[in-house]
Amino acid sequence: MSLSEPVRSQAPHLVIRSQRIDGVSAQLMDHLPTEGGLAWVRRGDGHVGWGVAARLDVAGSNRFRDAVSWWQELVGAAVVRDEVGVPGSGLVCFGSFGFTDDDPGELVVPEVIVGRRGGTTWVTTISPASSLAAPPELVIHQPDPVHDVAFADGARSGTDWSSIVADAIERITSGELDKVVLARDLIAIAEQPIDLRWPLRRLAAAYPNCWTFSVDGLIGATPELLVRREKGLITSRVLAGTIRRTGDDAHDLALAASLARSSKDLEEHEFAVRSVADALKPHCKSMNVPETPFVLHLPNVMHLASDVAGVAANGASALGLAAALHPSAAVCGTPTDVARDLIGEIEGMKRGRFSGPVGWMDAAGDGEWCIALRCGQADPDDPRRMRIFAGAGIVAGSDPVAELAETNAKLVPMRDALGD
Ligand SMILES: C=C(O[C@@H]1C=C(C(=O)O)C=C[C@H]1O)C(=O)O
(Lines give C-alpha, C1' and ligand atoms only; values in the text may rest on other atoms or scores of the structure.)
Protein backbone atom coordinates (compact mmCIF):
# COMPACT_ATOMS: atom_id res chain seq x y z
CA MET A 1 0.00 0.00 0.00
CA SER A 2 1.38 3.45 -0.83
CA LEU A 3 1.72 5.83 2.10
CA SER A 4 -0.79 8.28 0.65
CA GLU A 5 -3.63 5.76 0.34
CA PRO A 6 -6.23 5.94 3.09
CA VAL A 7 -5.72 3.48 5.90
CA ARG A 8 -8.40 0.81 5.85
CA SER A 9 -7.35 -0.92 9.00
CA GLN A 10 -10.43 -2.03 10.89
CA ALA A 11 -10.64 -0.29 14.21
CA PRO A 12 -11.24 -2.89 16.94
CA HIS A 13 -14.46 -3.09 18.96
CA LEU A 14 -13.56 -2.03 22.48
CA VAL A 15 -15.28 -1.93 25.86
CA ILE A 16 -14.25 0.93 28.13
CA ARG A 17 -14.98 1.54 31.77
CA SER A 18 -13.85 4.53 33.87
CA GLN A 19 -14.23 4.39 37.65
CA ARG A 20 -13.35 6.92 40.29
CA ILE A 21 -10.77 5.77 42.84
CA ASP A 22 -10.22 7.30 46.24
CA GLY A 23 -7.21 7.64 48.47
CA VAL A 24 -4.62 7.68 45.71
CA SER A 25 -2.14 10.45 46.27
CA ALA A 26 0.99 9.27 44.45
CA GLN A 27 2.12 11.17 41.36
CA LEU A 28 0.45 9.74 38.24
CA MET A 29 3.81 8.74 36.78
CA ASP A 30 4.64 6.62 39.80
CA HIS A 31 2.03 4.13 38.58
CA LEU A 32 3.74 3.48 35.25
CA PRO A 33 4.90 -0.15 35.15
CA THR A 34 8.18 -1.00 33.45
CA GLU A 35 6.81 -2.07 30.12
CA GLY A 36 5.56 0.62 27.80
CA GLY A 37 4.37 3.87 29.22
CA LEU A 38 2.25 6.73 27.94
CA ALA A 39 2.08 9.97 29.85
CA TRP A 40 0.53 13.42 29.64
CA VAL A 41 0.92 15.38 32.86
CA ARG A 42 0.79 19.05 33.81
CA ARG A 43 0.78 20.37 37.38
CA GLY A 44 0.05 16.84 38.64
CA ASP A 45 -3.10 16.44 36.50
CA GLY A 46 -3.43 14.45 33.29
CA HIS A 47 -3.21 10.76 32.55
CA VAL A 48 -0.78 7.92 32.20
CA GLY A 49 -1.44 4.67 30.39
CA TRP A 50 0.07 1.32 29.55
CA GLY A 51 -0.60 -1.72 27.41
CA VAL A 52 -1.94 -1.47 23.86
CA ALA A 53 -5.66 -2.03 23.24
CA ALA A 54 -5.44 -0.50 19.75
CA ARG A 55 -2.82 1.22 17.67
CA LEU A 56 -2.62 2.97 14.31
CA ASP A 57 0.68 3.84 12.63
CA VAL A 58 0.51 6.64 10.11
CA ALA A 59 2.74 8.39 7.59
CA GLY A 60 2.24 10.14 4.27
CA SER A 61 0.25 13.11 3.12
CA ASN A 62 -3.06 11.74 4.46
CA ARG A 63 -1.71 10.87 7.89
CA PHE A 64 -3.94 13.25 9.88
CA ARG A 65 -7.03 12.40 7.86
CA ASP A 66 -6.34 8.69 8.29
CA ALA A 67 -5.87 9.13 12.04
CA VAL A 68 -9.06 11.18 12.42
CA SER A 69 -11.16 8.66 10.50
CA TRP A 70 -9.66 5.67 12.35
CA TRP A 71 -10.48 7.38 15.64
CA GLN A 72 -14.06 8.12 14.54
CA GLU A 73 -14.50 4.51 13.51
CA LEU A 74 -13.04 3.24 16.80
CA VAL A 75 -15.23 5.59 18.85
CA GLY A 76 -18.30 4.57 16.84
CA ALA A 77 -17.70 0.88 17.59
CA ALA A 78 -16.84 1.34 21.27
CA VAL A 79 -19.06 0.69 24.27
CA VAL A 80 -18.16 3.24 26.94
CA ARG A 81 -19.23 3.18 30.58
CA ASP A 82 -17.82 6.41 31.97
CA GLU A 83 -18.70 6.84 35.65
CA VAL A 84 -16.42 9.88 36.01
CA GLY A 85 -17.48 12.22 33.21
CA VAL A 86 -14.61 14.70 33.11
CA PRO A 87 -12.36 15.59 30.14
CA GLY A 88 -9.91 12.68 29.88
CA SER A 89 -12.15 10.00 31.39
CA GLY A 90 -13.76 7.39 29.15
CA LEU A 91 -12.10 6.43 25.87
CA VAL A 92 -8.81 8.25 25.23
CA CYS A 93 -5.98 7.87 22.75
CA PHE A 94 -2.45 9.23 22.99
CA GLY A 95 -0.59 10.16 19.83
CA SER A 96 2.34 11.81 18.17
CA PHE A 97 3.04 12.79 14.58
CA GLY A 98 6.18 13.45 12.61
CA PHE A 99 7.28 16.94 11.61
CA THR A 100 7.04 16.06 7.90
CA ASP A 101 4.53 13.82 6.16
CA ASP A 102 7.25 11.21 5.74
CA ASP A 103 8.10 10.95 9.44
CA PRO A 104 5.97 8.20 11.00
CA GLY A 105 3.58 8.81 13.87
CA GLU A 106 0.88 6.90 15.72
CA LEU A 107 -2.26 6.85 17.80
CA VAL A 108 -2.25 4.45 20.75
CA VAL A 109 -5.18 3.38 22.92
CA PRO A 110 -3.76 1.85 26.10
CA GLU A 111 -5.32 -1.01 28.09
CA VAL A 112 -5.19 0.93 31.34
CA ILE A 113 -5.30 4.67 32.01
CA VAL A 114 -4.90 6.35 35.38
CA GLY A 115 -6.17 9.92 35.21
CA ARG A 116 -6.44 12.87 37.56
CA ARG A 117 -8.15 16.22 37.27
CA GLY A 118 -8.71 18.71 40.03
CA GLY A 119 -8.58 16.22 42.89
CA THR A 120 -10.56 13.46 41.14
CA THR A 121 -8.57 10.34 40.29
CA TRP A 122 -9.88 7.53 38.12
CA VAL A 123 -8.90 4.34 36.35
CA THR A 124 -10.02 3.46 32.86
CA THR A 125 -9.80 -0.09 31.56
CA ILE A 126 -10.01 -0.76 27.85
CA SER A 127 -10.44 -4.26 26.49
CA PRO A 128 -11.75 -6.14 23.47
CA ALA A 129 -15.54 -6.34 23.30
CA SER A 130 -15.55 -9.97 24.41
CA SER A 131 -14.00 -9.35 27.85
CA LEU A 132 -14.28 -6.44 30.26
CA ALA A 133 -11.05 -6.30 32.25
CA ALA A 134 -11.14 -5.66 35.99
CA PRO A 135 -9.39 -2.47 37.12
CA PRO A 136 -5.81 -3.20 38.13
CA GLU A 137 -4.38 -2.85 41.61
CA LEU A 138 -2.41 0.43 41.53
CA VAL A 139 1.19 -0.12 42.52
CA ILE A 140 3.98 2.43 42.93
CA HIS A 141 6.96 1.61 40.75
CA GLN A 142 10.48 2.95 41.22
CA PRO A 143 12.32 3.63 37.97
CA ASP A 144 15.99 2.75 37.67
CA PRO A 145 18.15 5.87 38.05
CA VAL A 146 20.05 6.93 34.96
CA HIS A 147 23.79 7.44 35.55
CA ASP A 148 26.84 8.46 33.59
CA VAL A 149 25.30 10.02 30.52
CA ALA A 150 27.67 11.51 27.95
CA PHE A 151 26.47 13.92 25.29
CA ALA A 152 27.88 13.87 21.76
CA ASP A 153 27.20 15.95 18.65
CA GLY A 154 24.26 14.71 16.61
CA ALA A 155 23.99 15.38 12.88
CA ARG A 156 26.10 18.58 13.13
CA SER A 157 28.55 20.18 15.52
CA GLY A 158 27.46 23.45 17.10
CA THR A 159 29.88 25.38 14.87
CA ASP A 160 28.57 23.74 11.70
CA TRP A 161 25.01 24.45 12.78
CA SER A 162 25.85 28.14 13.30
CA SER A 163 27.16 28.37 9.77
CA ILE A 164 23.90 26.88 8.48
CA VAL A 165 22.09 29.58 10.44
CA ALA A 166 24.32 32.17 8.74
CA ASP A 167 23.31 30.71 5.33
CA ALA A 168 19.64 30.94 6.34
CA ILE A 169 20.06 34.59 7.37
CA GLU A 170 21.49 35.32 3.90
CA ARG A 171 18.54 33.61 2.21
CA ILE A 172 16.15 35.67 4.38
CA THR A 173 18.02 38.90 3.64
CA SER A 174 17.89 38.16 -0.08
CA GLY A 175 14.08 38.10 0.19
CA GLU A 176 13.46 34.36 -0.29
CA LEU A 177 11.50 34.05 2.96
CA ASP A 178 10.79 35.88 6.23
CA LYS A 179 11.52 33.29 8.91
CA VAL A 180 12.80 29.74 9.20
CA VAL A 181 13.13 27.55 12.28
CA LEU A 182 16.31 25.47 12.30
CA ALA A 183 16.98 22.64 14.72
CA ARG A 184 19.89 20.50 15.86
CA ASP A 185 20.31 17.32 17.89
CA LEU A 186 22.67 15.83 20.46
CA ILE A 187 23.09 12.16 21.25
CA ALA A 188 22.82 11.16 24.91
CA ILE A 189 24.70 7.92 25.62
CA ALA A 190 24.22 6.19 28.98
CA GLU A 191 26.20 3.31 30.47
CA GLN A 192 22.99 1.31 31.03
CA PRO A 193 19.64 1.18 29.19
CA ILE A 194 17.70 4.38 29.93
CA ASP A 195 14.56 3.80 32.00
CA LEU A 196 12.42 6.52 30.41
CA ARG A 197 10.38 6.93 33.58
CA TRP A 198 13.47 8.41 35.31
CA PRO A 199 13.89 11.49 33.07
CA LEU A 200 10.11 11.71 32.75
CA ARG A 201 9.61 12.12 36.50
CA ARG A 202 12.37 14.70 36.68
CA LEU A 203 10.89 16.70 33.80
CA ALA A 204 7.45 16.74 35.46
CA ALA A 205 8.97 17.88 38.76
CA ALA A 206 11.20 20.58 37.26
CA TYR A 207 8.75 21.91 34.64
CA PRO A 208 5.30 21.71 36.27
CA ASN A 209 3.86 24.38 33.95
CA CYS A 210 4.89 22.46 30.85
CA TRP A 211 3.14 19.41 29.44
CA THR A 212 5.32 16.39 30.25
CA PHE A 213 4.71 13.62 27.74
CA SER A 214 5.74 10.12 26.83
CA VAL A 215 4.48 8.49 23.64
CA ASP A 216 6.21 5.53 22.06
CA GLY A 217 9.75 6.44 23.10
CA LEU A 218 9.38 10.20 22.64
CA ILE A 219 9.58 12.03 25.98
CA GLY A 220 9.78 15.67 26.90
CA ALA A 221 8.29 18.68 28.71
CA THR A 222 6.92 21.16 26.20
CA PRO A 223 5.70 24.67 26.96
CA GLU A 224 3.83 25.10 23.64
CA LEU A 225 0.16 24.16 23.31
CA LEU A 226 -0.66 23.80 19.62
CA VAL A 227 -4.36 23.44 20.36
CA ARG A 228 -6.77 22.47 23.11
CA ARG A 229 -10.43 21.79 22.38
CA GLU A 230 -12.70 21.47 25.36
CA LYS A 231 -16.49 21.78 25.27
CA GLY A 232 -16.53 24.06 22.23
CA LEU A 233 -13.66 26.30 23.37
CA ILE A 234 -10.46 26.29 21.34
CA THR A 235 -7.19 27.62 22.77
CA SER A 236 -3.62 27.77 21.56
CA ARG A 237 -0.48 29.04 23.28
CA VAL A 238 1.94 30.43 20.72
CA LEU A 239 5.60 30.82 21.68
CA ALA A 240 8.31 32.49 19.62
CA GLY A 241 11.02 34.87 20.75
CA THR A 242 13.30 33.49 23.45
CA ILE A 243 15.88 34.67 25.95
CA ARG A 244 17.99 32.58 28.32
CA ARG A 245 17.58 32.90 32.07
CA THR A 246 20.62 33.67 34.13
CA GLY A 247 19.43 32.46 37.54
CA ASP A 248 19.67 36.00 38.96
CA ASP A 249 16.05 37.16 39.42
CA ALA A 250 16.69 40.90 39.11
CA HIS A 251 18.76 40.42 35.98
CA ASP A 252 16.13 38.04 34.53
CA LEU A 253 13.42 40.65 35.04
CA ALA A 254 15.50 43.18 33.11
CA LEU A 255 16.02 40.58 30.38
CA ALA A 256 12.27 39.88 30.28
CA ALA A 257 11.64 43.59 29.75
CA SER A 258 14.20 43.70 26.94
CA LEU A 259 12.61 40.62 25.31
CA ALA A 260 9.22 42.32 25.37
CA ARG A 261 10.74 45.32 23.52
CA SER A 262 13.01 43.45 21.11
CA SER A 263 11.88 44.19 17.56
CA LYS A 264 13.63 41.04 16.27
CA ASP A 265 11.74 38.84 18.75
CA LEU A 266 8.43 40.67 18.32
CA GLU A 267 8.68 40.19 14.55
CA GLU A 268 9.48 36.48 14.96
CA HIS A 269 6.53 36.19 17.36
CA GLU A 270 4.12 38.00 15.07
CA PHE A 271 4.78 35.48 12.26
CA ALA A 272 3.93 32.63 14.62
CA VAL A 273 0.74 34.21 15.98
CA ARG A 274 -0.45 35.08 12.49
CA SER A 275 0.05 31.50 11.27
CA VAL A 276 -2.01 30.13 14.18
CA ALA A 277 -4.78 32.73 13.88
CA ASP A 278 -5.08 32.19 10.12
CA ALA A 279 -5.28 28.40 10.51
CA LEU A 280 -7.88 28.55 13.30
CA LYS A 281 -10.08 31.21 11.69
CA PRO A 282 -12.14 28.83 9.49
CA HIS A 283 -12.92 26.74 12.59
CA CYS A 284 -13.94 29.54 14.96
CA LYS A 285 -17.10 31.64 15.28
CA SER A 286 -15.28 34.30 17.26
CA MET A 287 -11.64 34.65 18.14
CA ASN A 288 -9.45 36.57 20.53
CA VAL A 289 -5.94 37.23 19.25
CA PRO A 290 -3.94 39.32 21.74
CA GLU A 291 -2.25 42.36 20.29
CA THR A 292 0.83 42.10 22.46
CA PRO A 293 2.51 39.00 23.87
CA PHE A 294 3.31 38.34 27.53
CA VAL A 295 6.60 36.93 28.79
CA LEU A 296 6.40 33.28 29.89
CA HIS A 297 9.00 32.46 32.54
CA LEU A 298 10.34 28.90 32.51
CA PRO A 299 13.22 27.66 34.66
CA ASN A 300 15.68 27.69 31.72
CA VAL A 301 14.35 30.32 29.28
CA MET A 302 11.74 33.05 28.85
CA HIS A 303 9.49 33.21 25.80
CA LEU A 304 7.23 35.74 24.20
CA ALA A 305 3.83 34.05 24.48
CA SER A 306 0.30 34.68 23.16
CA ASP A 307 -2.82 32.77 24.15
CA VAL A 308 -5.18 32.67 21.17
CA ALA A 309 -8.76 31.60 21.98
CA GLY A 310 -11.88 30.95 19.92
CA VAL A 311 -15.36 29.44 20.00
CA ALA A 312 -15.64 26.33 17.81
CA ALA A 313 -17.68 26.91 14.66
CA ASN A 314 -17.76 23.28 13.55
CA GLY A 315 -17.17 19.75 14.76
CA ALA A 316 -13.45 19.62 13.92
CA SER A 317 -11.77 17.46 16.55
CA ALA A 318 -8.71 18.51 18.50
CA LEU A 319 -6.62 16.39 16.13
CA GLY A 320 -8.32 17.89 13.07
CA LEU A 321 -7.43 21.34 14.41
CA ALA A 322 -3.85 20.28 15.13
CA ALA A 323 -3.63 19.08 11.52
CA ALA A 324 -4.82 22.49 10.30
CA LEU A 325 -2.23 24.25 12.49
CA HIS A 326 0.80 22.08 11.81
CA PRO A 327 3.44 23.21 11.04
CA SER A 328 2.99 26.64 12.59
CA ALA A 329 5.58 29.35 12.00
CA ALA A 330 6.85 28.70 15.56
CA VAL A 331 8.53 25.48 14.36
CA CYS A 332 8.69 25.86 10.56
CA GLY A 333 8.72 29.48 9.34
CA THR A 334 7.08 31.93 6.95
CA PRO A 335 5.99 31.35 4.22
CA THR A 336 5.39 27.76 5.36
CA ASP A 337 6.23 25.98 2.11
CA VAL A 338 9.43 27.92 1.46
CA ALA A 339 10.55 27.45 5.08
CA ARG A 340 9.77 23.71 4.99
CA ASP A 341 11.78 23.30 1.80
CA LEU A 342 14.70 25.25 3.25
CA ILE A 343 14.68 23.09 6.39
CA GLY A 344 14.78 19.98 4.16
CA GLU A 345 17.61 21.51 2.16
CA ILE A 346 19.96 22.80 4.86
CA GLU A 347 19.06 21.44 8.31
CA GLY A 348 20.86 18.19 7.62
CA MET A 349 18.95 15.85 9.93
CA LYS A 350 15.65 14.01 10.18
CA ARG A 351 13.47 15.59 12.84
CA GLY A 352 11.28 12.52 13.24
CA ARG A 353 8.54 13.44 15.70
CA PHE A 354 10.44 16.39 17.21
CA SER A 355 8.39 19.56 16.55
CA GLY A 356 5.36 17.53 15.43
CA PRO A 357 2.04 17.39 17.30
CA VAL A 358 1.96 15.24 20.46
CA GLY A 359 -1.08 14.82 22.69
CA TRP A 360 -4.31 13.04 23.45
CA MET A 361 -7.95 13.05 22.47
CA ASP A 362 -11.19 11.68 23.89
CA ALA A 363 -14.29 10.14 22.32
CA ALA A 364 -15.92 13.55 21.86
CA GLY A 365 -12.90 14.83 19.90
CA ASP A 366 -11.83 17.06 22.79
CA GLY A 367 -8.20 16.92 23.80
CA GLU A 368 -4.84 18.65 23.81
CA TRP A 369 -2.11 18.59 21.18
CA CYS A 370 1.16 20.30 22.00
CA ILE A 371 4.26 20.76 19.87
CA ALA A 372 6.89 18.14 20.75
CA LEU A 373 9.68 20.44 21.95
CA ARG A 374 12.29 20.10 24.74
CA CYS A 375 12.20 16.38 24.10
CA GLY A 376 14.21 13.28 23.26
CA GLN A 377 13.67 10.21 21.17
CA ALA A 378 14.80 6.87 22.61
CA ASP A 379 16.85 4.89 20.10
CA PRO A 380 14.73 1.84 19.21
CA ASP A 381 17.88 -0.15 18.41
CA ASP A 382 19.94 0.81 21.46
CA PRO A 383 18.16 1.52 24.77
CA ARG A 384 21.27 3.32 26.09
CA ARG A 385 20.93 6.08 23.52
CA MET A 386 18.58 8.97 22.99
CA ARG A 387 18.50 11.88 20.53
CA ILE A 388 17.62 15.21 22.12
CA PHE A 389 16.58 18.22 20.08
CA ALA A 390 16.28 22.00 20.06
CA GLY A 391 15.61 24.63 17.44
CA ALA A 392 15.40 28.39 17.07
CA GLY A 393 13.50 30.80 14.86
CA ILE A 394 15.77 32.64 12.43
CA VAL A 395 14.81 36.06 11.05
CA ALA A 396 16.81 38.76 9.26
CA GLY A 397 18.03 40.23 12.58
CA SER A 398 19.28 36.89 13.99
CA ASP A 399 22.86 36.28 15.10
CA PRO A 400 24.18 32.70 14.56
CA VAL A 401 26.14 32.64 17.82
CA ALA A 402 23.14 33.83 19.85
CA GLU A 403 20.90 31.25 18.14
CA LEU A 404 23.35 28.46 19.05
CA ALA A 405 23.27 29.66 22.66
CA GLU A 406 19.47 29.66 22.52
CA THR A 407 19.39 26.03 21.39
CA ASN A 408 21.81 25.13 24.19
CA ALA A 409 19.44 26.72 26.71
CA LYS A 410 16.53 24.76 25.20
CA LEU A 411 18.48 21.51 25.55
CA VAL A 412 18.84 22.07 29.32
CA PRO A 413 15.57 20.35 30.39
CA MET A 414 16.49 17.06 28.69
CA ARG A 415 20.16 17.28 29.64
CA ASP A 416 19.28 17.86 33.29
CA ALA A 417 16.61 15.14 33.28
CA LEU A 418 19.16 12.64 31.97
CA GLY A 419 22.09 13.94 34.01
CA ASP A 420 23.24 12.81 37.45
C1 LIG B 1 12.01 25.06 18.12
C2 LIG B 1 11.95 25.27 19.43
O3 LIG B 1 11.23 26.28 20.00
C4 LIG B 1 10.40 27.11 19.23
C5 LIG B 1 11.10 28.33 18.83
C6 LIG B 1 11.12 29.44 19.66
C7 LIG B 1 11.98 30.63 19.31
O8 LIG B 1 12.64 30.60 18.29
O9 LIG B 1 12.02 31.60 20.08
C10 LIG B 1 10.36 29.46 20.83
C11 LIG B 1 9.51 28.46 21.13
C12 LIG B 1 9.23 27.41 20.14
O13 LIG B 1 8.14 27.78 19.34
C14 LIG B 1 12.58 24.35 20.42
O15 LIG B 1 12.36 24.50 21.61
O16 LIG B 1 13.29 23.45 19.99
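R374 is buried, with 29 other C-beta atoms within 10 Å. Here a residue counts as buried if 20 or more other C-beta atoms lie within 10 Å of its own, exposed if 12 or fewer, and partly exposed in between, with C-beta atoms placed from the backbone. R374 sits in the loop between β21 (367–371) and β22 (375–378), and its phi is near 50°, a positive value in a residue other than glycine. Helices (H or I, at least four residues) and strands (E, at least two) are DSSP runs, numbered from the N terminus.

All of this comes from a predicted model, where local features need pLDDT of at least 70, side-chain atom pairs count only at pLDDT 80 or more, and totals for chains, interfaces and linings use all residues. Residues are numbered from 1 along each chain as its sequence is written.

D216 also has a positive phi, about 55°, although it is not a glycine. Look for D216 in the loop between β12 (211–215) and β13 (218–222). With 23 C-beta neighbours inside 10 Å, D216 counts as buried.

## Two cis prolines

Most residues other than glycine have a negative phi, and most peptide bonds are trans. The bond from H326 to P327 is cis, with omega near -5°, and P327 falls in the loop between α6 (318–325) and β19 (333–334). Another cis peptide bond joins T334 and P335, with omega about -10°; P335 is in the loop between β19 and α7 (336–346).

## Around the ligand

Of the 17 residues around the ligand, L239, T242, A330, G391 and G393 come nearest. A residue is near a molecule or strand if its C-beta atom, placed from the backbone, lies within 6 Å of it. Strands β11 (179–189), β15 (233–244) and β23 (385–394) each give at least two residues to this shell.

## A hairpin and an open helix

Strands β17 (residues 294–297) and β18 (residues 301–312) run antiparallel, joined by four bridges; two strands pair if DSSP finds at least two bridges between them. They form a hairpin with three residues between them, and H297 has M302 as its bridge partner in β18.

Of the 13 residues of helix α4, the number buried is one, so α4 lies largely in the open. Helix α4 (residues 249–261) reaches 19 Å from its first C-alpha to its last, close to the 18 Å expected at 1.5 Å a residue. That expected span is 1.5 Å times one less than the number of residues.
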